[in-house]
Amino acid sequence: MSHPIVSRRGFLAGVGALGVASALSACATSTPSPAAGSGAKSTALQLKSRETSDGGRKAMQALLDEFVKVNPQYKPTLNTMEPAAFQQQIRADLTLATPPDVLTWFAGEIASNFAKQDLLLDATSAFPADGYSKQFADLSTDASGKKIFVPTNYYWWGMFYRTSQFEKWDVAEPKTWDEFIALCKTLKGKGVSPIALPLADSAWLTASWFDYLNLRINGATFHRALLAGQESYTDPRVAKVLDTWREVLPYLDPAGKGLAFQEGSAKWQQGKDAMFLAGTFLGDATPADVKADVNFFQFPIIDAAVPVAEEAPLDGFIASARTANPEGAAAFLKYVATPQAQELYLKTSGSTLIPANSNAKSPVSTPLLEKGRAMVASAADVTQFFNRDSNDDQLNALTTALVRFIDKPAEAGDILKQWQSDSAKARGN
């Protein structure tokens, strides 16, 4: 059976953070652009956004409206594009003679790669001296030490479950891998499918298992080197990751390969699957009366000697190195880094994402959100998710390998060799 791969970023464009449903618009929309100024220096400032939900568009416009109140010399406009098209066009946008000045984007290798090509404006002057954790500051910095990304909000990944169901089954959150496997065994003994993993339209979810297992076994430094092509998927350390995941395979929902994400989410909500490794977007498919019952635990510790890293995808803004208005672009980046701007965006969008600036307050604070914030804050390192730390072509190589491994774990050696070959081709090697 084949498993179509839906782009992770395309999928996430249709959902927000926990408790926030958003819908994709059918086409790109934009506000009218003002006439070009007659002076030698441009005062026009175009923000290009992939936030197509009603809340996202309103929040982006609110940022521009507040920005221009204290920067009346600039003439900002908003151009909103459907996420898949935005994704396909961003590289071309950054190389235009007259590019968008500021664009929404993500932290990780997919930002650093643009910086390596000298496509991003140096945002060092716009980056605040305090308010960002070292982890977030590092993710905003290129290899030369320049800031090239301004983070504004993030969400986290964890093992989600329903509190009432755990109470009914008389089980508790595991802390270690051995405790986790024991929990899976207990749940299966009670006739409950322990783990949801719907693959019919979301094979990219397998990347979360690989990310976390590799982070817990081999650490973030090796993980990043592997994704960058500096290490091989045929390395015995990667084989150990698959060997460890093999322990989980008997506890995956056997129907998962034929389920779409929404179907898998529904089974998890109903208690037919006990746990779901996911980001907070999982809650977007959760009815209001279920949300208060949702909880999560940290991905279990496998090797206590390995520094703990967490997946916390970080969103924000970049600016084009070719902007005709570098002063205006830098001024806008400086503004969106402030607590006030991040609070305004989250309040206007209705989102329960977490502001990246630690001095900003979340408009909606829940025990679940504070638990996620504390987990990320205590992490020794933060990663972004496989395709943000590599690219979509690398993600396709991963999903091909891991879906095959689920079906044929005995072929792990051959799978790793093919994965290495596919990965090298995806990098153009």
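The structure holds 34 aromatic pairs, where rings of Phe, Tyr and Trp (its six-membered ring) pair if their centres lie within 6.5 Å, with planes under 30 degrees apart counted as stacked, over 60 as edge-to-face and the rest as tilted. In one of these pairs, the ring centres of Phe67 and Phe332 are 5.3 Å apart and the planes stand at 85 degrees, so the arrangement is edge-to-face. Phe67 belongs to helix α2 (residues 54-70) and Phe332 to helix α12 (residues 326-336), so this pair ties together parts that are 265 residues apart in sequence. Helices (H or I, at least four residues) and strands (E, at least two) are DSSP runs, numbered from the N terminus. Both Phe67 and Phe332 are buried, the term meaning under 20% relative accessible area, with exposed over 50% and partly exposed in between (1.4 Å probe, protein chains only). Trp157 and Phe281 also form an edge-to-face pair, at 5.5 Å centre to centre and 75 degrees between the planes. This pair links distant parts of the chain, 124 residues apart: Trp157 is in strand β6 (residues 157-162), and Phe281 is in the loop between β8 (273-279) and α11 (288-291). Trp157 and Phe281 are both buried.

All of this comes from a predicted model, in which local features need pLDDT of at least 70, side-chain atom pairs count only at pLDDT 80 or more, and totals for chains, interfaces and linings use all residues. Residues are numbered from 1 along each chain as its sequence is written, and side-chain values use heavy atoms, with hydrogens and water left out. The protein chain averages a pLDDT (the predictor's confidence in each residue, from 0 to 100) of 89, and 90% of the residues score at least 70. Over residues 1-6 the pLDDT is below 50, and this stretch has 16 contacts (heavy atoms within 4.5 Å) in the model beyond near neighbours in sequence. Residues 13-40 also have a pLDDT below 50, with 55 contacts beyond near neighbours in sequence.

Back to the rings: ring pairs join Tyr161, Phe166, Trp169, Trp177, Phe180, Trp209, Tyr212, Trp245, Phe297, Phe299 and Phe405 into a cluster. Phe405 is also among the buried residues of α15, which include Gln394, Leu398 and Ile406. Helix α15 (residues 392-407) has 16 residues and reaches 23 Å from its first C-alpha to its last, close to the 22 Å expected at 1.5 Å a residue; the expected span is 1.5 Å times one less than the number of residues. Asn391 caps the N-terminal end of α15, with a side-chain oxygen 3.1 Å from the backbone nitrogen of Asp393.

Charges meet rings as well. Lys147 lies over the face of Phe127, at 5.2 Å from the ring centre, and the charged end of Lys371 sits over the ring of Phe296, 4.9 Å from its centre. The criterion is NZ of Lys or CZ of Arg within 6 Å of the ring centre and within 35 degrees of the ring normal.

Gln342, in helix α13 (residues 339-349), counts as buried at 3% relative accessibility. A polar atom of the Gln342 side chain lies 3.2 Å from the backbone oxygen of Val336, and the side chain reaches the backbone oxygen of Ala337 at 3.5 Å.

Finally, two residues other than glycine have positive phi: Asp118, near 60 degrees, and Phe385, near 120 degrees. Asp118, in the loop between α4 (109-116) and α5 (134-139), counts as exposed at 59% relative accessibility. Phe385, in the loop between β13 (381-383) and α15, counts as buried at 0%.

Notes. Polar contact = N/O pair within 3.5 Å; in protein donor to acceptor, adjacent residues only side chain to side chain.
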